[in-house]
Amino acid sequence: MASYLCSSAPVLLLIIFIGSTAAASTGRKISWRQAKGRVNCTTDPKYLCGRVKSVHDGDSLRIIPETNDDGDRASVRVRLMQIDAPELSQAHGRDSRKALASRLPRGTRVCVISPGRDSYHRILGFVCLAKDDIAYRMLAEGHAWCYHNTCNLRYKAATSAARVAGLGLWTPGQTPMAPWAYRRFQRRRARKHRQQGKKE
């Protein structure tokens with residue numbers, strides 16, 4: 001019996017090592033400083049992997065994480081970092097959502113590189129489809145803006161190329177409004193309406 005345990009010990013150790021390596025492949029965050037730069041879908045640690053449940057608009061979606069130790073299968077909201085897609089009520093907003101949904105149909109397996117969550121409790125991150133950075137693709141195809149024009153150099157180059165080529169929201173003859181400017185305009189208009197209602 002003792003000889004059997006001794007001979008099987010290396011095998012048991014190997015199994016434990018492999019299991020711990022797999023467990024460490026997700027759940028790791030990148031720093032907020034790193035999140036302001038360029039990420040690599042191949043080499044950077046993944047915070048979570050899972051299947052796409054739904055796409056809300058051109059820069060946010062829901063993902064069902066792969067089963068964890070607790071068997072939790074609830075979906076989580078994910079907001080793509082460094083990009084800002086048109087609101088659904090804006091010009092090209094629904095086209096932007098359609099573009100993301102066509103690239104990430106329901107059930108697609110993706111991984112997320114993330115530094116953490118935002119004030120709305122959404123996971124902020126870079127969504128990777130294998131080696132492909134989805135945010136980069138959205139910019140390169142003209143379906144989104146660099147968030148407040150502050151994104152990494154690769155994203156800026158993709159945006160500039162889409163503008164020059166007249167792709168998506170940069171189609172010639174269009175006058176796209178940045179989503180953050182549109183939201184600010186909508187808030188001001190709503191506030192003005194409320195003030196007028198009080199006066200009446």
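Author: Let's start with a term: a disulfide is a pair of cysteine sulfur atoms within 2.5 Å. This is a predicted model, in which local features need pLDDT of at least 70, side-chain atom pairs count only at pLDDT 80 or more, and totals for chains, interfaces and linings use all residues. Residues are numbered from 1 along each chain as its sequence is written, and side-chain values use heavy atoms, without hydrogens and water.

Reader: How many disulfides does a search of the whole structure find?

Author: In general, such a link is a covalent bond between the sulfur atoms of two cysteines. Here the search of the whole structure turns up three. Counting the bonded cysteines along the chain, their pattern is 1-4, 2-3, 5-6.

Reader: Which residue does C41 join?

Author: C41 is joined to C128, with 2.1 Å from S to S. The torsion about their S-S bond is about -80°, so this disulfide is left-handed. C41 sits in the loop between α2 and β1, while C128 belongs to strand β6, so the link ties together parts 87 residues apart in sequence. These labels count DSSP runs from the N terminus: helices (H or I) of at least four residues and strands (E) of at least two.

Reader: Are C41 and C128 buried or exposed?

Author: Buried means under 20% relative accessible area, exposed over 50%, and partly exposed in between (1.4 Å probe, protein chains only). C41 counts as buried at 8%, and C128 is buried at 1%.

Reader: What about C146 and C151?

Author: They form a disulfide with sulfur atoms 1.9 Å apart. It is right-handed, with 55° about the S-S bond, and both of its cysteines are buried.

Reader: Which residues have the most contacts inside the largest nonpolar core?

Author: Nonpolar side chains tend to be buried together in soluble globular proteins. A core here joins buried Ala, Val, Leu, Ile, Met, Phe, Trp, Tyr and Cys residues through side-chain atoms within 4.5 Å. The largest one has 37 residues, and L61, V127 and Y155 have the most contacts inside it. Among the elements supplying at least two residues each are β1, β5, β6 and α5. A second, separate core has seven residues, including W145 and W170.

Reader: What is V127 in contact with?

Author: Contact means heavy atoms within 4.5 Å. Leaving aside neighbours within four places in sequence, the partners of V127 include L61, V78, L80, C111 and I134.
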